[in-house]
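Here's a quick briefing to read with the model open beside you.

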Amino acid sequence: MTYVEEHVHPEPPVAGDETATLLGSLERQRATLAWKCGDLDAAGLRATVGVSSIALGGLLKHLAHVEDDYFSGRLFGREPSPPFDTADWDTDPEWDWHSAAEDTPEQLYALWRDTVARSRSLVAQALADGGLDRPADRGWPDGRAPSLRRILIDLIEEYARHVGHADLIREAVDGLVGEDPPRTL
């Protein structure tokens with residue numbers, strides 16, 4: 001996945017409404033992850049830093065899993081999508097991280113891209129069916145149902161944490177640094 005082919009680096013609106021700001025922030029985090037993981041071969045996607053076992057390929061697969069869980073699973077109450085539906089989460093609760101090393105870069109990029117596309121569609125559906133206040137079909141263990149607003153904030157937070165990891169790993173792989181891709185792209 002080359003960053004230039006796949007993404008324009010979006011900016012959230014400077015003075016947009018709540019929905020546009022939340023979605024713009026999420027898209028910025030997604031695009032930053034795509035840039036940090038883009039244009040790497042299998043070795044680059046498997047590289048780690050220091051004692052951490054986090055690799056960029058693992059980040060792609062983990063965030064695809066989180067996207068699927070938050071939007072398909074929690075928001076719409078659906079069962080996990082492939083390949084997450086066949087993982088033995090009881091035996092390996094970190095399956096998404098560990099199994100990424102067995103996948104090709106093309107498989108990892110496609111899984112993440114396809115899951116993000118599905119998530120965008122589900123968010124649009126939820127916005128049309130209740131807006132940001134739409135409650136999730138699958139609530140928390142205590143019975144409360146988070147709103148779409150809360151789910152979006154949680155996902156933005158998840159991406160932001162992991163984009164920080166991606167910054168460090170990518171710099172170690174080939175020296176790529178920065179918060180944003182060069183404007184010449």
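Over which residues does pLDDT stay under 50? That stretch is residues 2–6, and the model still gives it twelve contacts beyond four places in sequence. Keep in mind that this is a predicted model, with a pLDDT that averages 91 over the protein chain.

**Confidence**

- Of the residues in the protein chain, 94% score at least 70 in pLDDT.
- Helix H1 (residues 3–6) has the lowest mean pLDDT among the elements, at 45.
- At the other end of the scale sits H6, with the highest mean, 98.

**The largest pocket**

- The largest pocket holds about 180 Å³ of space.
- It is lined by 14 residues, and the closest to its centre are Ala55, Gly58, Trp97, Ala100 and Ala101.
- Four helices each put at least two residues into this lining: helix H3 (42–46), H4, helix H5 (95–99) and helix H6 (105–128).
- H3 gives the most, with three residues.
- Sorted by class, the pocket lining comes out as eight nonpolar, four polar and two charged residues.

**The cavity**

- A probe the size of a water molecule, rolled over the atoms, shows where empty space is left.
- The structure has one cavity of 30 Å³ or more, and the largest cavity has a volume of about 30 Å³.
- Look for Tyr70, Arg74, Trp140, Pro146, Ile151 and Asp154 if you want to find the lining of the largest cavity.
- Helix H4 (56–75) and helix H7 (148–174) each supply at least two residues of that lining.
- By class, the cavity lining has four nonpolar and two charged residues, with no polar ones.

**Helix H2, end to end**

- Does the length of helix H2 (residues 18–37) agree or disagree with what its residue count predicts? At 1.5 Å a residue, its 20 residues should span 28 Å, and the end C-alpha atoms are 29 Å apart, so the two agree.
- Just after H2 comes Asp39, which takes a positive phi of about 65 degrees.

Note on methods
Residues numbered from 1 in each chain as written. Predicted model: local features only at pLDDT ≥ 70, side-chain atom pairs only at ≥ 80, totals over all residues. Heavy atoms only, no water. 1 Å grid on protein atoms, 1.4 Å probe; cavity = no way out; pocket = protein on both sides within 12 Å on 5 of 7 lines; lining within 4 Å. Points joined across faces, edges and corners; volume = space filled by probe spheres on them. Nonpolar A, V, L, I, M, F, W, Y, C, P; charged D, E, K, R; others polar. pLDDT = per-residue confidence, 0-100. Contact = heavy atoms within 4.5 Å. Expected span 1.5 Å × (residues − 1).
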